[in-house]
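Biologist: Could you walk me through this one? I would like to begin with the charged pairs and then move on to the packing.

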Amino acid sequence: MRSLNWNDPMVREYTITLFSSPWVFEYNDLKYYAKFLKSFHTHQPTIVVAILDNILEDIRINLEMDNFEFNQRRLAVIKFFSECFSPFSTQILATAHTIFF
């Protein structure tokens, strides 16, 4: 990942789009995905912030939808959200406050 050309906008956009979709990963592997993002944050913090921003936006959008077709997707996003709790706790706590109150 570190050897990719991060100055290329297509590479940046593709990785942000790919990693902003935790439902494409195996459910039991989401904790490893969260650990990967934590370690990747030291090399490309802007990419990780964009990924987390997309995930948090997805949570907010799914709160407004009442469609049962996306239940597995919602579970994967919330599971990933909980796995990221310790590395990115300030932004996560603010979103949790929005969800619950």
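Biologist: What does Asp 58 form with Arg 73, and how far apart are the closest N and O atoms?

Modeller: Asp 58 and Arg 73 form a salt bridge, with the closest N and O atoms 2.8 Å apart; the term stands for a side-chain nitrogen of Lys or Arg within 4 Å of a carboxyl oxygen of Asp or Glu. The pair links distant parts of the chain, with Asp 58 in helix α3 and Arg 73 in helix α4, 15 residues apart. This is a predicted model, in which local features need pLDDT of at least 70 and side-chain atom pairs count only at pLDDT 80 or more, while totals for chains, interfaces and linings use all residues. Residues are numbered from 1 along each chain as its sequence is written, and side-chain values use heavy atoms, with hydrogens and water left out.

Biologist: Is Asp 58 buried or exposed?

Modeller: Asp 58 counts as buried because its relative accessibility is 11%, whereas Arg 73, at 26%, counts as partly exposed. Buried means under 20% relative accessible area, exposed over 50%, and partly exposed in between, with a 1.4 Å probe and protein chains only.

Biologist: What else is Asp 58 in contact with?

Modeller: Leaving aside neighbours within four places in sequence, Asp 58 is in contact with Trp 23 and Val 77 as well as Arg 73, where contact means heavy atoms within 4.5 Å.

Biologist: How many salt bridges does the structure hold?

Modeller: The structure holds 3. Glu 57 and Arg 60 meet at 4.0 Å, N to O, and both lie in helix α3, 3 residues apart, about one turn of the helix. Glu 83 and Lys 79 meet at 3.3 Å, N to O, and both of these lie in helix α4, 4 residues apart.

Biologist: Changing topic, what are the helices and strands of the chain?

Modeller: The chain has 5 helices and 0 strands, these being DSSP runs numbered from the N terminus (H or I of at least four residues for helices, E of at least two for strands). Buried residues make up 32% of the 101 residues.

Biologist: And which residues of the largest nonpolar core have the most contacts inside it?

Modeller: That core has 20 residues, and those with the most contacts inside it are Tyr 33, Leu 37, Ile 47, Ile 51, Ile 55 and Phe 80. The largest share, 7 residues, comes from α3. A nonpolar core here is a set of buried Ala, Val, Leu, Ile, Met, Phe, Trp, Tyr and Cys residues joined through side-chain atoms within 4.5 Å.

Biologist: What does Tyr 33 touch?

Modeller: Not counting residues up to four places away in sequence, Tyr 33 touches Phe 19, Ser 20, Pro 22, Phe 25, Ile 51, Ile 55 and Phe 80.

Biologist: Which residues of α1 are buried?

Modeller: They are Thr 15, Ile 16 and Phe 19. Seen down the axis of α1, these residues fall within an arc of 100 degrees, so they line one face of the helix; the arc is that of the directions from the helix axis to the C-beta atoms. What covers them includes α2 and α3, while the face turned away from the buried side carries the exposed residues Pro 9, Met 10 and Tyr 14.

Biologist: Last one, where is Tyr 27?

Modeller: Tyr 27 is in the loop between α1 and α2, and counts as partly exposed at 42% relative accessibility. Its contacts, leaving aside neighbours within four places in sequence, are Leu 75, Ala 76 and Lys 79.
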